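User: I am new to this structure and would be grateful for a guided reading of it. May I put some questions to you once it is shown?

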Amino acid sequence: MQQLFYFFQRYKNFLFFLFLEIIAVALIINNNSFHRSKFISSTNFITGGLYQTSSDFLEYLDLRKNNRELSEENTILKNKLSLLYSVIDTTKVYIDSTNYAQNFLYINSKITNNTYNNIDNFITLNRGYEHGVTTEMAVINSKGIIGITDNVGHKFTRVQSILNSNSKINASFKNNNHYGTLKWNGQNFNTVQLTDLPRQAIFKIGDTIVTGGKSTIFPENILIGTVIDIPKNLSASNTINIKLFNDMTNLRHVQIVTNLNKKEIKSVENKNE
């Protein structure tokens with residue numbers, strides 16, 4: 001209390017001057033319409049800026065929650081879309097509501113660990129057996145493919161990233177039916193290689209590469225990336241570089257995809273064996 005008294009005693013002249021200035025400004029604003037309008041306009045501008053900053057800050061705090069909700073909604077929509085496609089495929093011949101089934105099931109998940117600097121990179125997801133995850137399931141997000149599940153626990157799953165020397169994924173050109181094998185040479189985490197291309201394949205820089213649908217793991221036409229160069233001696237190497245749509249260093253929410261017909265397809269294909 002004594003310190004406060006000393007403060008007022010020391011700055012009493014300045015405080016009295018400031019008090020008179022406030023009164024003077026208030027009188028000017030109240031008795032002059034021009035100054036009053038300018039004051040109100042300035043006040044609105046300042047308070048509006050403060051409200052906007054406060055709103056932006058609160059939205060930033062909610063980003064994690066919003067991203068999680070969007071990912072969950074995206075998974076629900078993918079499941080509905082998969083079911084709708086199966087209905088459309090059936091009704092092309094005849095309508096029979098008892099004769100269709102969903103081909104793919106999507107499970108929402110979040111990445112808890114991700115490596116991309118090694119030759120063989122892996123990703124860890126917070127889903128496991130108890131959530132319906134098994135090995136050899138596709139992992140994707142809205143921008144494209146991520147990898148394939150290879151080791152599943154009760155609550156967590158390890159994914160073989162597409163940035164893995166053992167990764168081999170069937171891929172094709174979006175604008176034609178020519179396809180090859182997607183691999184990674186272990187050099188650039190933004191670029192993978194499409195190999196084993198047929199010599200008669202026609203393509204150009206900028207063409208989109210998607211999953212080919214020739215396996216029981218990935219649905220057809222999932223995005224992968226674009227062609228960024230064509231070697232001069234393509235006929236000899238049959239390999240081109242593909243720039244990924246995904247930034248493999250910045251991943252968060254993904255969907256795990258299971259082919260509900262995988263067992264039957266493998267059983268039919270391996271019957272003679």
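Analyst: Buried means under 20% relative accessible area, exposed means over 50%, and partly exposed lies in between. The model shown here is predicted.

User: Is Phe189 buried, partly exposed or exposed?

Analyst: The relative accessible area of Phe189 is 28%. A residue is buried under 20% and exposed over 50%. Phe189 therefore counts as partly exposed.

User: How many helices and how many strands does the chain have?

Analyst: The chain has 273 residues, and buried residues make up 32% of them. Its secondary structure consists of six helices and twelve strands.

User: How many aromatic pairs are found in the whole structure, and what kind of pair do Tyr116 and Phe189 form?

Analyst: A search of the whole structure finds two aromatic pairs. In the pair of Tyr116 and Phe189, the ring centres are 5.7 Å apart and the planes stand at 65°. Planes over 60 degrees apart count as edge-to-face, so the pair of Tyr116 and Phe189 is edge-to-face.

User: How many residues apart in sequence are the parts that Tyr116 and Phe189 tie together?

Analyst: Tyr116 lies in the loop between β1 and β2, and with 27% relative accessibility it counts as partly exposed. Phe189 lies in the loop between β7 and β8, so the parts tied together by the pair are 73 residues apart in sequence.

User: What kind of pair do Phe173 and Phe203 form?

Analyst: Phe173 lies in strand β6 and Phe203 in the loop between β8 and β9, so this pair ties together parts 30 residues apart in sequence. Phe173 counts as buried at 1% relative accessibility, and Phe203 counts as buried at 14%. The ring centres are 4.9 Å apart and the planes are at 15°, so the pair is stacked.

User: Which residues touch the most other members of the largest nonpolar core?

Analyst: Nonpolar side chains tend to be buried together in soluble globular proteins. Beyond its neighbours within four places in sequence, Leu194 is in contact with residues including Ala171, Phe173, Leu182, Ile209, Ile240 and Ile242. The largest nonpolar core has 42 residues, and those touching the most other members are Ile145 and Leu194.

User: What is the area of the nonpolar surface patch that includes Leu18?

Analyst: Leu18 is in helix α2, which covers residues 12–31. At 38% relative accessibility, Leu18 counts as partly exposed. Together with Tyr11, Phe14, Phe17 and Ile22, Leu18 makes a nonpolar surface patch of about 510 Å².

Terms used: Residues numbered from 1 in each chain as written. Predicted model: local features only at pLDDT ≥ 70, side-chain atom pairs only at ≥ 80, totals over all residues. Heavy atoms only, no water. Core = buried A, V, L, I, M, F, W, Y, C linked by side-chain atoms within 4.5 Å. Buried < 20%, exposed > 50% of the residue type's maximum accessible area, 1.4 Å probe, protein only. Contact = heavy atoms within 4.5 Å. Patch = residues over 30% accessible without salt bridge, like charges linked within 9 Å, V, L, I, M, F, W, Y side chains within 5 Å. Areas by Shrake-Rupley, 256 points an atom, 1.4 Å probe, with all protein chains shown as cover. Salt bridge = Lys/Arg side-chain N within 4 Å of Asp/Glu carboxyl O. Helix = DSSP H or I, 4+ residues; strand = E, 2+ residues; numbered from the N terminus. Phe/Tyr/Trp six-rings, centres within 6.5 Å; stacked < 30°, edge-to-face > 60°.
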